[in-house]
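Hi,

Here is the structure I promised to pass on. Have a look at it first, and then read my notes below.

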Amino acid sequence: MNSPVVSLFAEQISIDKLSKNPVYLQVAHQVVEMIQRGQVAHNTPLPGTRVLAQCMGIHRNTASMIYDELAAMGWVEIIPNRGTFVSAVLPNNKLKAGTSNEDLFATETLFELKENPFLQIPFPKNTLKYTLNDGVPDVRLIPTQLLSRWLHSSAKKSQIVQSDFPVVRVSKLNNHLCNYLKTSYGFKISPDNLSVFRSVEGAFYIVAQTVLQQDDLVLVSYKNHQVVNATLRHLGAKIHQIPYDSEGISVEYIRQKFRKGEVRMVYVNAQRHYPTTVAMSFRRKIELLQLAYEYGFAIVEECFDNEWNHEHQQVSMARLDTQGAVIYIGRFGTQLLPLFHRSFVVAPNNLIEKVRHYKHIIDYRHDDFTDKILSEMLIEGDIHRIQKKILLENKRRMGHAIDLLHATFSHEIKIQKASGGMALWIEFFPHISLKTFAELLRKYDVLLPDYILFQDKSTCGIRLGFANWTEDELREIIWSFKKVYESLS
């Protein structure tokens, strides 16, 4: 009873008889922590079950259960006719007993990881006051009381069922969203033309996975979204950037540079080009559709801010398409909490069927609960009312941001005014080093991430999200822009 281990157990192990956890688990977990901290070294003999029972004030059978649990987890080894010993090697088969708690989990894999340069997109880590973005809604405008009421009401009257059967099925939200898209966007579709996703990135990945094969040629606009480019390259596609002008991407360039059968896909942001927010003209959309029919390529038309049109809903190519060339990817519910954000794909029936099967491989479980709330909010018109209210505020904030920029910078910048969305395209004249600009902004508590900076020989621009900042916040951000710009120019 006087061995160091027994004394250590008696001093440091406590038992809570009111706890829901069984006594043997309470003691076992505390012994594990002592081994992890190095208080009990590897190969150390532990007291027998009789001594342990007396030391802890427990039944001997409980003491046996403690050692059985530790042995099952690999922390101790029970040797017949000899006793119980702390394992020489801990359960992860690499770290020896006595290793400190900070080193319990490996920092690097035992096996070699293949480098993939297309996935090395920087994600900024930040503790600064302002983290700028490429256009996101202000969560402070979301009517949380209304959402809370919907959650509470649905939870009371609904039986929440989560299917675990591996069946490719269609969410009920599809039907209601289909009706919404027909009335709001003019799409002539049925639920068989629609698939709902949890994120627009997941939707695009599965669409690209469905359509593309290794070495397929995909045309994207110059200065395209780097996440889209990384996804395409990761899937083995070859990317060719095409120029754009005030009417959108150059269809004539495609006709001159490529022959029929060479191009597999053209990716566009027809409603508002990323990052410049330039809208594709109706004439250019018709030209691109005609070329797709002639050359036989797919058009992926992604509208990531389709819910935020300050002026009017532009006619999409998906609405004009009559031969099944266009795959439309949009977002829905972005005026609500992220829990309710959805994206959707509109495409011909045969492609949607394949998309659903790919989606099923990744995630066949449906979030029936929030889907049901979204469906009811669509039926009751709450989503439209919320969107209309926030849309007016966003339009006011865009006007305020433009006025502030013009008043602060005079003729040093050029601003592309968009028909909607949540971001502005700003170009600086004369050009400066945007990387240095971003570094100096940190002194003013502002983080300007790399992914919204676009600089080459002809361009010095920033895609600046304005929708999630109040007037006072915008004033402070733009004031810091001016201070840093003056120090560089």
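Let me start with T231, which counts as buried because its relative accessibility is 14%. (Buried means under 20% relative accessible area, exposed over 50%, and partly exposed in between, with a 1.4 Å probe and protein chains only.) You'll find T231 in helix α8, residues 226-234. Helices (H or I, at least four residues) and strands (E, at least two) are DSSP runs, numbered from the N terminus. Apart from neighbours within four places in sequence, T231 is in contact with F204 and Y205, where contact means heavy atoms within 4.5 Å.

Before going further, some housekeeping. This is a predicted model, so local features need pLDDT of at least 70 and side-chain atom pairs count only at pLDDT 80 or more, while totals for chains, interfaces and linings use all residues. Residues are numbered from 1 along each chain as its sequence is written, and side-chain values use heavy atoms, with hydrogens and water left out.

**Inside**

The largest nonpolar core has 88 residues, and the members touching the most others are L181, L288, F428, F437, L448, I462 and F481. Helix α14 (residues 382-409) gives the most to this core, with 10 residues. By nonpolar core I mean a set of buried Ala, Val, Leu, Ile, Met, Phe, Trp, Tyr and Cys residues joined through side-chain atoms within 4.5 Å. Take L181: not counting residues up to four places away in sequence, L181 touches G186, F187, I189, L194, F344 and V346.

N394 also sits in helix α14, and N394 is buried, at 1% relative accessible area. Leaving out neighbours within four places in sequence, the contacts of N394 are L141, W308, H310, M422, F466 and A467.

**On the surface**

L110, F111 and L113 make a nonpolar patch with about 400 Å² of accessible area together. Patches are built from residues with over 30% relative accessible area and no salt bridge; like charges are joined within 9 Å, and nonpolar side chains (Val, Leu, Ile, Met, Phe, Trp, Tyr) within 5 Å. The areas come from the Shrake-Rupley method with a 1.4 Å probe, and for residues only the protein chains shown count as cover. L113 is in the loop between β3 (83-86) and β4 (130-131), and L113 counts as exposed at 54% relative accessibility.

**Charged pairs**

How many salt bridges does the structure hold? There are 23 salt bridges, each one a side-chain nitrogen of Lys or Arg within 4 Å of a carboxyl oxygen of Asp or Glu.

R283 pairs with E247 in one of these salt bridges, the closest N and O atoms being 2.6 Å apart. R283 lies in helix α10 and E247 in the loop between β8 (244-245) and β9 (248-249), so the pair ties together parts that are 36 residues apart in sequence. R283 is partly exposed at 44% relative accessibility, and E247 is partly exposed at 24%. The side chain of R283 also has a polar contact of 2.6 Å with that of E287. A polar contact is a pair of N or O atoms within 3.5 Å; within protein, one must be able to donate a hydrogen and the other to accept it, and residues adjacent in sequence count only if both atoms are side-chain atoms.

D371 and R342 form another salt bridge, with the closest N and O atoms 3.0 Å apart. This pair links distant parts of the chain, with D371 in helix α13 (residues 368-380) and R342 in strand β13 (residues 342-346), 29 residues apart. Both D371 and R342 are buried.

Then there's R385 with D382, a salt bridge whose closest N and O atoms are 2.5 Å apart. The two are 3 residues apart in helix α14, so about one helical turn separates R385 and D382. Salt bridges that share partners also join D138, R140, E393, R396, R397, E471 and E473 into one network.

**Backbone details**

Which peptide bond has omega of about 10°? That is the cis bond joining Y274 and P275, with P275 in the loop between β10 (263-268) and α10. T277, in the loop between β10 and α10, has a positive phi of about 70° although T277 is not a glycine. T277 counts as buried at 4% relative accessibility.

The peptide bond from F429 to P430 is cis too, with omega near 0°.

Cheers
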